[in-house]
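Please walk me through this protein structure in plain terms. I would like to know what to look at and how each term is defined.

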Amino acid sequence: MSSSTAVPGQSPIAETAPKSLCALEPHVPADRLVAEMVPPPRFDSVRFETYEPDPDQPSQHEAVEVLSSFAAGLGGAHATGTGKRRWFGKKTATVPTEPRGVYLDGGYGVGKTHLLASLWHATPAAPSLKAFGTFVELTNLVGALGFQQTVRTLGGHRLLCIDEFELDDPGDTVLVSSLLSRLVEAGVALAATSNTLPGKLGEGRFAAADFLREIQGLSAHFRPLRIDGEDYRHRGLPEAPPPYSPDQVTQAAYATPGASLDDFPALLGHLARVHPSRYGALTEGVTAVCLTDVEPVPDQSTALRLVVLADRLYDREVPVLASGVPFDRLFSDEMLNGGYRKKYFRAISRLTALARDAKGLVAQ
């Protein structure tokens with residue numbers, strides 16, 4: 001489609017029609033999965049210095065201090081190498097005086113991922129010796145490479161950061177627990193954040209104990225670090241903009257180079273056909289996601305896929321413009337009071353932030 005006619009009071013219409021996410025079926029080779037285990041684009045430039053602790057939350061100040069010290073302690077030779085830090089090597093009886101892992105325990109929106117990415121950036125090692133990924137990305141890596149090859153691939157790293165450890169998936173939790181045990185034996189330092197177990201409705205008060213129990217023999221290697229606070233995305237910010245009309249969303253999609261345009265129910269159906277490990281690739285090169293006819297998700301499986309997509313869009317800072325129901329009505333009361341409650345609130349929080357980012361796409 002091509003048009004050069006400008007609509008009064010609106011941006012010029014783009015030369016080409018917006019892409020459709022429903023038309024994309026990306027494939028991600030295994031070697032790319034390893035190479036992409038770095039902080040997502042949203043967290044490229046974050047550092048401990050850019051984290052803004054809430055003055056009313058001393059635990060946030062403490063987290064920065066503890067993690068800065070932890071990063072500094074990861075310099076030097078690999079733990080099983082020839083340097084002084086051969087804590088887990090067979091040729092020395094030396095043991096670490098401090099845990100070789102930290103677990104960030106807190107509700108959504110307190111900046112856990114910012115701090116985890118800052119730890120990755122602050123650790124004095126080459127990027128090839130540090131890995132950062134979500135729990136889902138780590139399990140996908142094991143699926144692509146196999147367990148033993150994953151151990152060999154990550155065993156030479158100095159640090160592995162795992163964001164959103166999925167305590168609500170017992171099978172994968174046992175798998176990753178076994179993987180982490182092998183990596184600790186190889187001298188890899190660990191850092192993680194997690195969600196709460198199904199049925200645990202506290203905003204993380206039980207998460208530390210659940211996390212340490214679920215990763216079984218690794219408990220002694222982790223120092224739980226509680227981070228209190230409210231969701232920073234809502235500190236002093238206006239409410240999310242209400243949904244726009246379908247015509248406004250469509251016009252904005254055509255006027256925004258690189259935008260995508262999809263009917264929301266159709267996109268939900270497409271997500272069922274694309275593995276969640278590919279959702280990042282699905283949004284690659286997309287400058288804005290425009291959705292028409294947003295409606296409450298019909299079931300929990302669909303809702304959990306939408307959560308993953310929301311995470312990938314948020315990581316990549318892709319604004320989301322939508323018509324239909326507001327994002328805080330995506331999930332039913334039953335879902336918001338169920339075992340995956342924390343995931344759904346995180347998705348609402350992140351989509352709300354991206355909706356604010358999209359306000360400039362609509363002509364006023």
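**Charges, rings and a sheet**

The charged end of Lys-130 lies over the ring of Trp-120, 4.2 Å from the ring's centre. A charge counts as sitting over a ring if NZ of Lys or CZ of Arg is within 6 Å of the ring centre and within 35 degrees of the ring normal. Arg-42 has its charged end over the ring of Tyr-314, at 3.7 Å from the centre.

This is a predicted model, in which local features need pLDDT of at least 70 and side-chain atom pairs count only at pLDDT 80 or more, while totals for chains, interfaces and linings use all residues. Residues are numbered from 1 along each chain as its sequence is written, and side-chain values use heavy atoms, with hydrogens and water left out.

Next, the sheet. Five strands make an open sheet in the order S2-S3-S4-S1-S5, with parallel pairing. Strands (E, at least two residues) and helices (H or I, at least four) are DSSP runs, numbered from the N terminus; two strands pair if DSSP finds at least two bridges between them. Strand S2 (130–134) and strand S5 (222–226) stand at the edges with a single partner strand each, so one side of each has no neighbour in the sheet. Strand S1 (residues 101–105) and strand S4 (residues 189–194) pair in the parallel sense over four bridges. Within this part of the sheet, Leu-104 has Thr-193 in S4 as its bridge partner.

How many aromatic pairs does a search of the whole structure find? There are two aromatic pairs. Rings of Phe, Tyr and Trp (its six-membered ring) pair if their centres lie within 6.5 Å; planes under 30 degrees apart count as stacked, over 60 as edge-to-face and the rest as tilted. Phe-135 and Phe-165 form a tilted pair, 4.8 Å centre to centre with 50° between the planes. Phe-135 lies in helix H4 (residues 135–145) and Phe-165 in strand S3 (residues 159–165), so the pair ties together parts 30 residues apart in sequence. Both Phe-135 and Phe-165 are buried, where buried means under 20% relative accessible area, exposed over 50% and partly exposed in between (1.4 Å probe, protein chains only). The rings of Phe-331 and Tyr-344 have centres 4.6 Å apart and planes at 20°, so this pair is stacked.

Last comes helix H6 (residues 170–185), which has 16 residues. Its buried residues include Val-176, Leu-180 and Val-184. Just after H6, Gly-187 takes a positive phi of about 95°.

Conventions: Expected span 1.5 Å × (residues − 1).
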